[in-house]
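Subject: Structure handover

Hello,

Here is the structure I said I would pass on.

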Amino acid sequence: MPAPAPVSPEDFKNMLVRYGFTVARETEHNWTLFKADAPRPVIPISKHGERISLTIMMAILDQLKIDNSTYFSLSAHQG
């Protein structure tokens, strides 16, 4: 199976929303996502930049216990 690749901030936000997070707050610069039962219930995502750093993205996925199979399932729905 291929390794996850960096995605845009909006695509990453959308993947986490499909995983069950909600956008609890939005500012000009960030989205704040929330999921009460998640290992990391609050996740801020910057709206700036073309791609999320792979190091940051993988750390978040690891903290949420999202494996590669789940990542690819969530990313398959990107428009």
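Two strands count as paired if DSSP finds at least two bridges between them. Please also keep in mind that this is a predicted model.

Three strands form an open sheet, in the order E1-E2-E3, and their pairing is antiparallel. E1 and E3 are the edge strands, as each of them pairs on one side only. Neighbouring strands of this sheet are turned against each other by 30° on average, if direction is ignored. Between E1 and E2 the antiparallel pairing runs over four bridges. To find your place there, look for Arg25, which stands opposite Thr32 in E2.

Now the protein as a whole. It has three helices and three strands, and along the sequence they follow the pattern α-β-β-β-α-α.

Next comes helix H1, which spans residues 9–18. Which residues of H1 are buried? They are Pro9, Phe12, Lys13, Met15 and Leu16. Buried here means a relative accessible area under 20%. These residues cover an arc of only 160° around the axis, so they lie on the same side of H1.

What do the buried residues of H1 pack against? Their partners are the strands E1 (22–26), E2 (30–34) and E3 (42–46), together with the helices H2 (54–63) and H3 (68–75). Just after H1 comes Gly20, which takes a positive phi of about 120°.

Some overall values follow. The C-alpha trace spans about 35 × 30 × 25 Å along the principal axes of the protein. A compact globule with 79 residues would have a radius of gyration near 12 Å, and the protein has 12 Å, so the two agree. Of the 79 residues, 30% count as buried. The accessible surface comes to about 4,800 Å², and 53% of that belongs to carbon and sulfur atoms.

One value concerns contacts along the chain. If you take the contacts with a separation of 6 or more, residues 24 or more positions apart account for 51% of them.

Regards

Terms used. Residues numbered from 1 in each chain as written. Predicted model: local features only at pLDDT ≥ 70, side-chain atom pairs only at ≥ 80, totals over all residues. Heavy atoms only, no water. Buried < 20%, exposed > 50% of the residue type's maximum accessible area, 1.4 Å probe, protein only. Helix = DSSP H or I, 4+ residues; strand = E, 2+ residues; numbered from the N terminus. Arc of directions from axis to C-beta. Contact = heavy atoms within 4.5 Å. Axes fitted to C-alpha atoms, helices over the stretch in contact; angles between N-to-C directions. Rg over C-alpha atoms; globule rule 2.2 N^0.38 Å. Areas by Shrake-Rupley, 256 points an atom, 1.4 Å probe, with all protein chains shown as cover.
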